[in-house]
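Open the model in your viewer and keep the selection panel at hand. The tour goes stop by stop: select, look, move on.

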Amino acid sequence: MLCKNKQVKIRALYLPYCCIFAFFIVNLLSSFIFPLVPDEAYYWTWSKSIQFGYSDHPPIIAYWIKAGTLLFGDNPLGIRFLGTLSITLSILFLWKATENLFDKSSAYSVVYLFSFTIFGNVVALIITPDTPAIFFLSAAFLITSKIFKIENQNRESPIFLWILGSLLFALSFLSKYTASFPIFGILFSILLMKRSLLFTRRFSVGSFCFFVIIMPNIAWNLIHHGGAVVKQGNRLFVVGEGNVLHHYVELLLGQAGLVTPIIFLFVFIAFFQRKTQATLFLIYSSIPSLLFFSLYPLHGRVQANWPFSSWPILLILATQTPIKIRIYGYLSGIICVALVYFQAFFHVIPLDAHYDPILRQAEGWKSFSSSLEKLEYTGGRGMIEAPDYALGAILAYQLRNSKHVFVGSSDPKLQMLSKAKTIVIKAQSIQEMRKDETAKNEKICRFYRIGARQKEVRCYLLKKAEYKKISLFPVK
């Protein structure tokens, strides 16, 4: 009997490690195969101009991509490698953080809950500022859980833990500004649960370290008239289009889809479970995020990825649902993730590109760029100007080795890249063609090949060349 119990415990221990290993291998192979999407190409151009800040986000995403491309080159694997590795490590951090707060059963559960969400696989495959933000937040929360465990035993936590935690929280802030919501959440939980910590030397030293780390980015934003901080802050004052009810429905369905419906339900169940010090700590820590994203739909549309940095804490909380029903969350997650992967790689459901974001974002860029390169240009050299930065970035990536076709944009945010050369030159403008628009200029379409058939993804208008002031995307 003892031997059998020991074997069961060993299997239970190995299963989470196997899950994490499988998660890493699947997403690593996918990152090598799956085509780059426009936003990834845009962040790749940032990595060619290393600085303390950028027009849309803090700088860590550029450093992440730069390190990966130095290892593996300017290809999807190089651009995504550190993202896949860091999210895999994030699962380990959340495992240990959950163990500090609860027990081994809950710790194993958070591994499965994270691995079997579409959200977790998206941030591991597609590299965006959410990827390093989740990595540093997960690492910071591991340290925070250790501090919580020590302080909850009425012992004084070591100052080096506060310094390390503050450094990690600062790096999460330098990855994405919305990572500040979990940071405010931790402060809010301290205020409600043990406010005496706010007046200790270790809290003061940790706060000082946090501000020292983020100061270069703050200075960059001040030099550039607010930069990304102003751009992100302006979202609060620009009223979006659409119906308020539609915004709320879109938010709820979007988040439920990304973490899978049953796991989404687990979070709600956990809020009404028996409260312990640890669950209260998690609930208080998530309140700033929940409050902001609950009120924002009154103002405008919440994009699906905005709440990503809030999910690690909520998934830990979801482990407090009854153990008997967790298996349904795992199974539903596996099915949903498998379906998304099959659709992403094989397009088993023949959806129109308008309804298939994977097809719309990822497919056909290589052949489309090749067709642009083969066009005849005056003097043998072509200059393409894309008013849309995302379209310009993916074309710049695909044509990075071209000797006679170059890509730029008139978007002012490109001028904030120190290595983006701004010139006045004769350029042909390219922009996406609306469905109701007639082709008055040269029309070029992007296709995706399915077997022997070609499926139209999007069409674009290439206008006649005229003199424009544009900034060239840095590609070297």
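A cavity, here, is a set of grid points where a 1.4 Å probe fits but cannot get out, and its lining residues have an atom within 4 Å of a point. Keep in mind that this is a predicted model.

**Stop 1: the cavities**

How many cavities of 30 Å³ or more are there? The count is 2.

Start with the second largest cavity. Its space is about 30 Å³. Select His347, Ile349, Pro350, Leu351, Asp356, Leu359, Tyr448, Ile450 and Lys455 to show its lining. By class, that lining splits into 6 nonpolar, 1 polar and 2 charged residues.

Now go to the largest cavity, with a volume of about 60 Å³. Select Leu94, Leu137, Phe141, Phe169, Pro182, Ile186, Ser309, Pro312 and Ile313, which line this cavity. Colour by element next: H7, H9 and helix H15 (311-318) each give two or more residues to the lining. Here the classes are 8 nonpolar, 1 polar and no charged.

**Stop 2: His347**

Return to His347, one of the residues lining the second largest cavity. His347 sits in the loop between helix H16 (323-346) and helix H17 (357-362). Check its backbone: phi is positive, about 50 degrees, although the residue is not a glycine. Is the residue buried or exposed? His347 counts as buried because its relative accessibility is 9%, and the cut-off for buried is under 20%.

**Stop 3: Thr260**

Select Thr260 for another positive phi. The angle is about 75 degrees, and again the residue is not a glycine. Thr260 lies in the loop between helix H12 (244-259) and helix H13 (261-271). With a relative accessible area of 0%, Thr260 is buried.

**Stop 4: the second largest pocket**

Two or more lining residues come from each of helix H7 (130-151), helix H8 (159-173), helix H9 (180-193), helix H10 (201-223) and helix H14 (277-295). Which element gives the largest share of the lining? H9 does, with 8 residues. By class, the pocket lining has 20 nonpolar, 9 polar and 2 charged residues.

**Stop 5: Ser138 on H7**

Stay on helix H7 and select Ser138. Its relative accessibility is 0%, so Ser138 counts as buried. Where does its side chain reach? The side chain of Ser138 reaches the backbone oxygen of Ile134 at 2.7 Å. Beyond the neighbours within four places in sequence, Ser138 is in contact with Ser90, Phe93, Leu94 and Pro312.

**Stop 6: the largest nonpolar core**

The largest nonpolar core has 116 residues, and Phe119 and Ile430 have the most contacts inside it. H7 supplies the largest share of this core, 12 residues.

Centre the view on Phe119. Leaving out residues up to four places away in sequence, Phe119 touches Phe114, Ile134, Leu258, Val259, Phe308, Trp311 and Leu315.

**Stop 7: helix H2**

Select residues 38-47, helix H2. Why does H2 count as largely enclosed by the rest of the structure? Because 9 of its 10 residues are buried. They are Pro38, Glu40, Ala41, Tyr42, Tyr43, Trp44, Thr45, Trp46 and Ser47.

Bring back the cover. What lies over these buried residues includes helix H3 (60-72), helix H4 (76-101), helix H6 (118-125), H17, helix H18 (365-373) and helix H19 (389-398).

**Stop 8: His404**

End at His404, in the loop between H19 and strand S2 (405-409). At 25% relative accessibility, His404 counts as partly exposed. Its side chain reaches the backbone oxygen of Glu373 at 3.1 Å. Then draw a distance from His404 to Gly382. The two are 22 residues apart along the chain, with their C-alpha atoms separated by 6.0 Å.

Notes: Residues are numbered from 1 along each chain as its sequence is written. This is a predicted model: local features need pLDDT of at least 70, side-chain atom pairs count only at pLDDT 80 or more; totals for chains, interfaces and linings use all residues. Side-chain values use heavy atoms; hydrogens and water are left out. Helices (H or I, at least four residues) and strands (E, at least two) are DSSP runs, numbered from the N terminus. Ala, Val, Leu, Ile, Met, Phe, Trp, Tyr, Cys and Pro count as nonpolar, Asp, Glu, Lys and Arg as charged, and the others, Gly among them, as polar. Buried means under 20% relative accessible area, exposed over 50%, partly exposed in between (1.4 Å probe, protein chains only). A polar contact is a pair of N or O atoms within 3.5 Å; within protein, one must be able to donate a hydrogen and the other to accept it, and residues adjacent in sequence count only if both atoms are side-chain atoms. Contact means heavy atoms within 4.5 Å. A nonpolar core is a set of buried Ala, Val, Leu, Ile, Met, Phe, Trp, Tyr and Cys residues joined through side-chain atoms within 4.5 Å. On a 1 Å grid over the protein atoms alone, a cavity is a set of points where a 1.4 Å probe fits but cannot get out, and a pocket is an open set with protein on both sides within 12 Å along at least five of seven lines; lining residues have an atom within 4 Å of a point. Grid points are joined across faces, edges and corners, and a volume is the space filled by probe spheres set on the points.
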